[in-house]
Amino acid sequence: MLSPERVEGSKHEGRGLTVYAVAYLAFLYIPVLLLPLFSFNDSVFIAFPLRGFTTKWYAAMAADTEMHAALWNTLKVGTAASLLSTILGLLAAKALTQAAPLPGRGFVLGFSNLSLFIPEIVIGIALLILITTVGVPLSLTSVGIGHVLICLPFAILVLMSRFEGFDTSLEEASRDLGENAWMTFWRVTFPIVLPGIIASLLLTFIVSFDDFMIAFFLCGTDTTLPVYIFGELRFPYKLPNVLALGAAILIASAVLVALAEWVRRLGAEGPARNRVIGA
Amino acid sequence: MDRSADFIRIDNVTKRYGMTAAVDGVSLRIGRGEFFSLLGPSGCGKTTLLRMIGGFAFPDEGAIALDGEDITSLPPNRRPTNMVFQSYAIFPHLNVRDNIAYGLRVERLTAAERHTRVEEALAMIRLSGYDDRRAQQLSGGERQRVALARALVKRPKVLLLDEPLGALDKRLREAMQIELRQIQRDVGITFIFVTHDQEEALSMSDRVAVMEKGRVFQVADPKTLYEKPVSRAVADFIGTMNFFEGRIVSISGGKAMVETEAFGRMEAQLNDGGSFSTGARVLIAIRPEKLLLSREQPNTPSARGQILAASYLGDRSQIQVRIPGREAPIAVVAQTAMAFHSGDTVHVSWTPGAPLLLAE
């Protein structure tokens with residue numbers, strides 16, 4: 001049992017933590033919240049005091065076909081890069097976590113993660129040299145290739161953590177019960193690692209969506225959204241459009257994260273229901 | 001029941017991992033409907049042998065045949081064997097019903113047949129009404145039973161069990177031992193049971209193979225294994241055994257007279273397998289419960305010693321006796337009628353016919 005003093009002490013500690021948490025969240029989110037705030041401000045200049053409420057920047061954004069093209073490009077590249085890197089990551093994670101250690105496991109793991117630590121500008125230039133040497137035209141394809149490269153370590157890390165807790169005797173049990181390797185993957189392995197696959201898809205999509213450096217070097221004339229935004233910053237009068245776009249992206253990613261969290265909880269809670277009865 | 005003795009034929013099977021042989025030239029015959037145990041300490045190769053029968057590992061040498069068919073290199077999904085895994089391997093994303101029905105999908109049954117089989121299986125393991133539970137909601141014993149039902153619903157020719165009771169607490173384990181044996185009698189399927197628990201192996205099995213370092217030392221029914229072990233290793237592994245070194249003085253009529261340092265001359269039975277000659281150095285083995293303690297010197301051969309420790313276990317007492325000129329104390333199990341205390345001087349003798357002759 002806790003003594004009264006101890007309870008007081010912990011209450012005090014709790015208050016300190018709350019202050020810290022609030023300050024931390026403020027530091028994280030106030031700059032981000034300025035985006036939607038100024039996107040409704042009736043002025044080209046990003047400065048206080050606010051001039052009045054307007055939605056014209058959103059209207060301008062909706063009419064900006066160049067921006068739409070860039071957004072569409074980004075979504076295409078993001079989808080392709082996240083799917084491809086997750087599939088490759090799945091194969092790699094499976095091989096790297098199997099019971100009989102892969103020869104050169106440490107080597108493979110080290111090298112697959114190395115691109116996390118190489119500055120993207122270096123990767124961007126290196127890829128530019130390679131891709132132009134090989135003769136692939138600079139396009140969304142070259143951006144996609146670059147994005148798979150930077151997304152793959154994320155996919156491998158996320159999926160490996162899912163596979164590490166995976167009891168391989170589950171796959172053996174499936175084989176034992178008459179299924180072949182292919183059906184065993186779909187009936188046992190896939191459903192069990194599915195939350196990891198979803199996490200990997202989301203994370204790699206965001207890495208691709210977010211990337212400026214690689215796309216800047218490799219996109220040629222197929223501008224992606226970050227490259228487009230960077231270009232627009234040269235024209236001050238277009239800045240509010242970018243703010244409106246930023247706010248829209250903010251809401252979209254909030255919805256996406258909420259959705260991912262909901263899916264994750266669905267996966268985690270399903271088996272946990274009625275746990276008390278089973279205990 | 002057809003007890004054809006070579007329902008399963010394991011011929012000279014060897015499995016190496018790197019330089020070490022996990023299973024080293026093992027040959028076994030297992031009969032149809034038999035409850036057969038592979039017993040040995042961890043790392044003795046019993047699980048590797050079981051996995052080769054199940055198709056999860058493949059022998060480097062030798063062959064395995066089941067019911068006349070060579071299955072040595074068949075994958076697990078094409079063998080008429082099913083396994084109960086040590087971890088149970090219950091699919092966490094499926095409920096009890098779907099776990100049990102998992103293997104029936106490939107069997108081309110009608111929905112009604114499938115339903116009947118699952119219901120039968122649930123009834124057999126006394127978990128009717130548990131259909132919708134998931135693995136996380138089951139206790140260890142319930143998981144074990146689901147794993148058993150999931151394997152048996154496939155109606156395999158052989159059921160393989162890899163230390164299935166190891167994770168259960170003592171009381172539950174004892175209850176499951178009886179239940180498992182009962183189920184085996186009811187379904188009449190051959191069970192191959194891997195365990196490191198000698199009591200479990202002795203109490204459940206028709207026959208037991210004692211393994212160590214990848215080799216089979218002895219295959220026998222539990223009574224023979226306990227009373228007539230063929231080697232020191234087997235005798236040591238099964239229960240407690242006292243060993244006395246000696247030299248054969250004479251052999252006649254299935255018995256040998258052995259000169260020992262501890263007891264002088266002892267008459268010992270010759271083991272079936274061993275061949276001994278006069279003058280050979282041998283071991284005499286005697287179970288603790290075959291030794292007798294008395295305060296007065298008996299008229300049979302005996303040795304005088306002092307009690308080192310005595311522990312009272314209710315129905316019996318375990319007593320350690322030190323005799324002069326011998327380092328290891330002798331283990332004796334005595335009926336509790338007579339009270340012995342540490343420090344007492346006693347005479348140790350033995351039941352006639354108890355000493356067993358083993359090669360040194």
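The bend at a residue is the angle between two axes, one fitted to the seven residues ending there and the other to the seven starting there. This is a predicted model, in which local features need pLDDT of at least 70 and side-chain atom pairs count only at pLDDT 80 or more, while totals for chains, interfaces and linings use all residues. Residues are numbered from 1 along each chain as its sequence is written, and chains are lettered from A and ligands numbered from 1 in the order in which they are written.

**View 1. Helix 6 of chain A bends at A:Cys151.** Helices (H or I, at least four residues) and strands (E, at least two) are DSSP runs, numbered from the N terminus. The bend at A:Cys151 is about 40 degrees, and a proline, A:Pro153, follows within four residues. At 1.5 Å a residue, counted over one less than the number of residues, the 25 residues of helix 6 (residues 140-164) should span 36 Å, which agrees with the 35 Å between its end C-alpha atoms.

**View 2. An open sheet of four strands in chain B has the order 2-1-4-5.** Two strands pair if DSSP finds at least two bridges between them, and in this sheet the pairing is antiparallel. Strand 2 (20-30) and strand 5 (69-70) are the edge strands, each pairing on one side only. Strand 1 (residues 8-17) is joined to strand 4 (residues 61-66) by five bridges, and B:Thr14 stands opposite B:Glu61 of strand 4.

**View 3. Strand 19 (residues 345-350) of chain B has a covered and an uncovered face.** The covered face holds B:Val346, B:Val348 and B:Trp350, whereas B:Thr345, B:His347 and B:Ser349 form the uncovered one. Strand 15 (residues 291-294) of chain B pairs with strand 19 in the antiparallel sense over four bridges, with B:Ser294 as the bridge partner of B:His347. Strand 16 (residues 303-312) of chain B also pairs with strand 19 in the antiparallel sense over four bridges, and here B:Gly305 is the bridge partner of B:Val346.

**View 4. Chain A and chain B meet through 20 residues from chain A and 23 residues from chain B.** Two residues are in contact if their C-beta atoms, placed from the backbone, lie within 7 Å. On the side of chain A that touches chain B, the elements that give two or more residues are helix 7 (169-176), helix 8 (181-210) and helix 12 (275-278). The largest share, six residues, comes from helix 7 of chain A.

How values were computed: A residue is buried if 20 or more other C-beta atoms lie within 10 Å of its own, exposed if 12 or fewer, and partly exposed in between; C-beta atoms are placed from the backbone.
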